[in-house]
Structures are given as C-alpha cells and as structure tokens.
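Have the viewer open and follow along.

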Amino acid sequence: MKSKAGKKRTSVFMILPLYLFTIVFVACPLIYVLILSFTPQEGGFAFTLENYRRILEPVYLDTFVQSFQLAITSTLIICVVGYPFGYFMARLPKEKKEKAMLFLMLPFWVNSLIRLYGWIIILQKKGILNYILEKLGIIDEPLKILYSYPAIVIGMVYVLLPFMAMSVYSSAEKLDWSLVEAARDLGASKTQAFFHIILKLTFPGLLSGIILTFIPSMGLFFIADILGGNKIVLVGSLIQEQMTRGNNWPFAAALAVILMLLTTAMIMAYRKITNAKELEGIG
C-alpha cells in the first residue's frame with residue numbers, strides 16, 4: 001500500500017499542470033492587462049489614472065449604459081423563453097429528452113458567425129421572414145428589422161438561449177417531484193405549487209442561467225456588428241476599436257478591467273444568493 005506521503009506527492013503532480021496552466025494563461029494575462037491599464041498611451045511605465053478618468057466621459061458612459069440596456073433586455077427575453085424550455089425538457093421521457101437536448105446543442109456544431117449570417121438572410125427586406133408575413137397578409141410592406149436594435153436582441157437571444165435552457169434543465173432534472181405531488185395533495189393549485197416549490201428549487205439554475213447570459217451579452221460585439229450594422233456600440237466593440245483602430249491599448253485594458261470587475265461583482269452576488277438559499281433550505 002502507498003504511504004500517505006506517496007499519495008500526497010501523486011496528487012500534487014496531478015494538480016500541478018492545472019496550476020501551471022492557470023498561472024501562465026489566466027493569471028499572467030490578467031496581471032498584464034491590469035498593469036497596462038495604468039500606463040499612458042504613449043508607452044512607458046509611468047503610473048496614470050487617465051485611462052479610468054476617460055471612461056467617465058459621457059460618450060463612454062453611454063456605451064456602458066447601452067450595453068447594460070441590451071444585456072437586460074436580452075436576458076429578460078431569454079428567461080421568458082429559456083426557463084419553460086429547460087423545465088419542460090426535464091419533464092420529457094428519456095428518449096424525447098435526449099432528442100430535445102440534441103436539437104438544443106446542434107447549433108453549437110456550426111460556427112456562430114455562420115449562424116448569424118443565416119439570420120441576415122431571414123431578417124433582410126427580401127428575406128424569409130418578410131416573405132412569410134406578406135404571404136400571410138400580416139404586413140403590406142417589408143419590415144426593416146435588419147441592422148436595428150431588435151435584430152441585435154434577436155441575435156443575442158439566439159446565441160445565448162441554450163445556456164439558460166441547460167442551466168434550468170440541470171436544476172429541474174434534480175427536482176424532487178414528490179414534493180410537488182405532496183403540495184398538490186394538500187390542496188395547492190398548479191400555480192401555487194409552481195411558485196412555492198418548483199420555482200424556488202430551480203431558482204439556482206435560473207440564476208446561473210442569468211449570469212451565463214447577462215455577462216456575455218455585454219461583450220458579444222460581433223453580434224452588434226453583423227446584425228446591428230455598428231449602430232449600437234457595446235463595451236466589447238469599444239475595446240476592439242481601441243485596440244485596432246485607435247491603437248490605444250492602455251485605454252482598452254482599462255475598459256476590460258472595468259468589465260471584469262462588473263463580471264466579478266455579479267458572480268460574487270450569485271454565490272452569496274445561492275449560499276443564502278442553501279442555508280435557508282437547511283434551516
């Protein structure tokens with residue numbers, strides 16, 4: 001039998017590659033970006049807060065506001081569509097459940113840029129959507145959806161919806177349905193059973209889905225570029241523009257740091273809420 005010291009050395013050697021990967025490809029780039037955000041555009045190692053002060057200018061604050069508005073709108077629609085999808089998928093029989101999951105994951109087999117260009121074919125003036133609506137007599141002239149705010153929202157919902165559905169599905173599948181049946185036997189209606197038991201028990205999945213959709217929607221600039229025609233500038237678009245056209249890497253780094261801090265705050269809030277829910281359940 002191996003001694004405790006031998007087992008400990010084996011576990012250290014197994015974990016060591018993970019630590020090295022995290023340090024080299026995660027920690028070091030983040031530290032570099034943080035340091036770069038405090039340097040002037042002209043270069044050098046002089047410490048400055050100019051990049052962060054510049055973020056407070058109205059034009060850049062408006063970019064953060066637009067990004068938040070788009071993220072909130074997209075996330076709300078994704079919740080409304082994705083929660084029922086994940087919930088009812090968990091209620092399906094095993095064979096149908098596997099097929100539903102396959103159809104949900106199928107778009108990930110195709111590059112996201114190709115899928116978004118497919119939406120251009122659907123949403124353009126002479127596209128499939130306007131053709132169907134005109135044939136049904138719903139509209140008299142083509143709708144101007146492409147290169148607009150609704151087109152960006154559609155793209156965000158389409159790309160991020162599977163994350164919400166899978167998060168809710170993972171919670172709903174572990175749900176103890178005997179609790180729901182007990183509530184129904186005690187006289188609770190379907191609506192009461194849903195809000196008092198199902199929603200509470202699947203809330204962690206819903207919350208994790210919100211995190212997985214809200215955070216990326218602030219930085220998926222290629223969706224705004226392709227479907228929005230650069231009419232709406234997101235934080236991700238601004239960072240890309242500063243790095244490519246403006247050649248202002250320190251300011252781009254400062255924007256990235258602020259976005260990272262917002263992301264960290266949301267994740268910490270998520271952990272705090274889930275921990276409180278767990279303690280409430282134990283109590």
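An axis here is a line fitted to the C-alpha atoms of a helix over the stretch in contact, and the angle between two axes runs from 0 to 180 degrees between the N-to-C directions. One thing to keep in mind: this is a predicted model.

**Two helix pairs**

With that in hand, start with α9 and α10 (residues 203-217), which pack at about 55° with their axes 4 Å apart. That angle makes α9 oblique to α10. On the α9 side the contact uses L199, K200 and L201, and on the α10 side F203, P204 and L206. Sorted by class, this contact has 5 nonpolar residues, no polar ones and 1 charged.

The crossing of α5 past α11 is right-handed. From α5 come S112, L113, L116, Y117, W119 and I120, which meet F222, I223, I226 and L227 of α11. By class, that contact holds 9 nonpolar residues, 1 polar and no charged.

Here are the two pairs in a table:

| Helix pair | Angle | Axis distance |
|---|---|---|
| α9 and α10 | about 55° | 4 Å |

**The cores**

In soluble globular proteins, nonpolar side chains tend to be buried together. Which residues touch the most other members of the largest nonpolar core? They are I152, M156, I223 and L227, out of 43 residues in that core. Helices α3 (58-91), α4 (94-105), α5, α7 (149-173), α8 (177-185), α9 (190-201) and α11 each put in at least two residues. The largest share, 13 residues, is from α7.

Zoom in on I152. Setting aside neighbours within four places in sequence, I152 contacts L70, I223, A224, L227, G228 and I232. There is also a second, separate core of 16 residues, and F214, M218, A254 and L255 are among them.

Finally, have a look at Y147, in the loop between α6 (128-135) and α7. Most residues other than glycine have a negative phi. The phi of Y147, though, is positive, near 60°. Is Y147 buried or partly exposed? Its relative accessibility is 38%, so Y147 counts as partly exposed.

Technical notes: Residues are numbered from 1 along each chain as its sequence is written. This is a predicted model: local features need pLDDT of at least 70, side-chain atom pairs count only at pLDDT 80 or more; totals for chains, interfaces and linings use all residues. Side-chain values use heavy atoms; hydrogens and water are left out. A crossing is left-handed if the near helix is turned anticlockwise from the far one by less than a right angle, and right-handed if clockwise. Contact means heavy atoms within 4.5 Å. Ala, Val, Leu, Ile, Met, Phe, Trp, Tyr, Cys and Pro count as nonpolar, Asp, Glu, Lys and Arg as charged, and the others, Gly among them, as polar. A nonpolar core is a set of buried Ala, Val, Leu, Ile, Met, Phe, Trp, Tyr and Cys residues joined through side-chain atoms within 4.5 Å. Buried means under 20% relative accessible area, exposed over 50%, partly exposed in between (1.4 Å probe, protein chains only). Angles under 35 degrees count as roughly parallel, over 145 as roughly antiparallel, 65 to 115 as roughly perpendicular and the rest as oblique.
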